[in-house]
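Subject: Handing over a structure

Hi,

Here is the structure I promised to pass on to you. Please open it alongside this email, and my notes will follow below.

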Amino acid sequence: MSPHRTTPAAPLPPWMIGLAGLLSLAVAMGIGRFAFTPLLPLMLQAGQLDVGAGGWLAAANYVGYLVGALTASRTGWPAARLALVALVGTALLTAAMALGGPVPWLAALRLLAGIASAWAFVATSIWCLAALAAHGATPWASALYAGVGLGIAVAGLDCLVGASAGWSADALWIQLGVLAALLVAPVAWVLVRLPAAPTGRAAGAPAPLPAGSRGLVAAYAMLGFGYILPATFLPAMARTLVDDPRLFGLAWPAFGATAALSTLVAARALRRLPRLQLWAAAHVLMGLGVLLPSLWLTGWSIAASALLVGGTFMVVTLAGVQEIRARAQGDATRLVGWMTTAFALGQIAGPVASALLLRLAPAHGLDLALQAGAASLFASAAWLWRAAPCPASPSPETLHAR
C-alpha cells in the first residue's frame, strides 16, 4: 500500500511538514544509527560483547549504510513510502537488539539498521524538502537537519539516565525501540497526507550528472573519512586522560546538541554566504578539530575537537544536500543517494586506514590517521571554495522556487 491518500486533503502547513522531517531524521539517525555508541559501554560491561565484537557490529552498520545508500533510488518507491518503511524497520530493529544472541545475529541487525538509516535519510531529504518547496521561503528547510543532532542528544540522555538508574542495555534497547515507534507515528500521519509523487523510475532514463557534481560527491566522501576518525577514537583518547564515566556519558548528548544548534546557525549563514563557501569553511574547522588531538593530547584539545567536529558535520550535510538538490534536474533521489554512498565509503575508509597505519606504526599510527583525515578535509575545502560561484549561490529560500 502507498502511504498517500487517494482523496484530496487540505495542504499541510510548513511547520508540520518540517517537524515531521525533523522527527524522521531523529529516529533514523539519532536512534537507528547512533544509539549503539552510548549503549556499547553497557554491553561491554555486561559481558554481551568484547571490544572486537563491538567493532564488528559498528562495521556492519557502516556497510549497511553503504548498501542502503546504493539501493535507495533502486527500490522504485516514492520517497514517502521508502521513508515510512525505513522508519518502521528502524523501530523494530532497535528493539530486536534486546533479544541478544551470537555476534553474527547482532551484526545482521546492525547491518539492516544501517540500510534503514540510509533509506530514511535519502527519502526524508527528498520528500520533506520537496513538500516545503511548495510553500516558498521557510526556515524549516534548514531546521529539519537539526533532527539528527536532537536524536543523538535524546538517545544519549536516555542511555545516561537509564544507566545511572541501573537499567540493562537490553532494557534500554527496548525503550529506544518504543520511543522510535512513538516518534514515527506523527511522521506517518503527515506522510499519508502528502500529495502523491512519481517514483524515480517513472521519470525514465537517469538525467545527466550536473557539471561539478563529481567534485561535490568526492568532497562529501572526505567528510565521511575525516569525521569518523575523531567520532571513533576521541572517547578512547579522552579515557587516557580522565577516568570519570559521567564525563563520557555526557559527551554524546553534548555532541548531539552541538550538532543540532549548528544547523540553526548555518541557516542564518546561508543568507549571506554561498552554500559551497559555507561547506568549505565547515571542512576547515572540522579539519582543525581532527588535527588537534594528534598534535597535543590534552583535555582542551579533545574538548575543542569534539566541539569543532560536532559543530560542523551537520552543517556540511545541510549545505551539501541543498546544493546537490539545486543542481538536480527533476527527481534528486539518485544524486542524494550518490552523496550518501560517498559518505558511507569515506567512513568505512577511515577505520581501515587507521588500522593499517596502527599496524605499520603502532606508536604514531592513530596520529598519522588523524592527520590524513585533516589533510583530506583541507584539500576538499580548497576545491569547494574555488568552485563557489562569485555572485552568492541561491539561499535556501531561493532554492524552494526551483
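Below is what turned up, from the overall picture down to single residues.

A word on the source first: this is a predicted model, in which local features need pLDDT of at least 70 and side-chain atom pairs count only at pLDDT 80 or more, while totals for chains, interfaces and linings use all residues. Residues are numbered from 1 along each chain as its sequence is written, and side-chain values use heavy atoms, with hydrogens and water left out.

Let's begin with the whole protein. Its secondary structure consists of 16 helices and zero strands; these are DSSP runs numbered from the N terminus, with helices being H or I of at least four residues and strands E of at least two. Of the 402 residues, 52% are buried. Here buried means under 20% relative accessible area, exposed means over 50%, and partly exposed lies in between (1.4 Å probe, protein chains only). Among contacts with a separation of 6 or more, 86% come from residues 24 or more positions apart, a contact being heavy atoms within 4.5 Å.

Now to the aromatic rings. The whole structure holds eight aromatic pairs. Rings of Phe, Tyr and Trp (its six-membered ring) pair if their centres lie within 6.5 Å; planes under 30 degrees apart count as stacked, over 60 as edge-to-face and the rest as tilted. Y220 and F343 make a tilted pair, 5.9 Å centre to centre with 45° between the planes. This pair links distant parts of the chain, with Y220 in helix α9 (residues 213-239) and F343 in helix α14 (residues 333-360), 123 residues apart. Both Y220 and F343 are buried.

W296 and W300 form a tilted pair too, at 6.2 Å centre to centre and 35° between the planes. W296 counts as partly exposed because its relative accessibility is 46%, whereas W300, at 51%, counts as exposed.

Ring pairs also join Y65, Y220, Y227, W279, F313 and F343 into a cluster. R33 lies over the face of Y65, 4.0 Å from the ring centre; a charge sits over a ring if NZ of Lys or CZ of Arg is within 6 Å of the ring centre and within 35 degrees of the ring normal.

Finally, the cysteines. How many disulfides does a search of the whole structure find? The search finds zero, a disulfide being a pair of cysteine sulfur atoms within 2.5 Å. C128 counts as buried at 0% relative accessibility, and C159 counts as buried at 3%.

Enjoy exploring!

Best wishes
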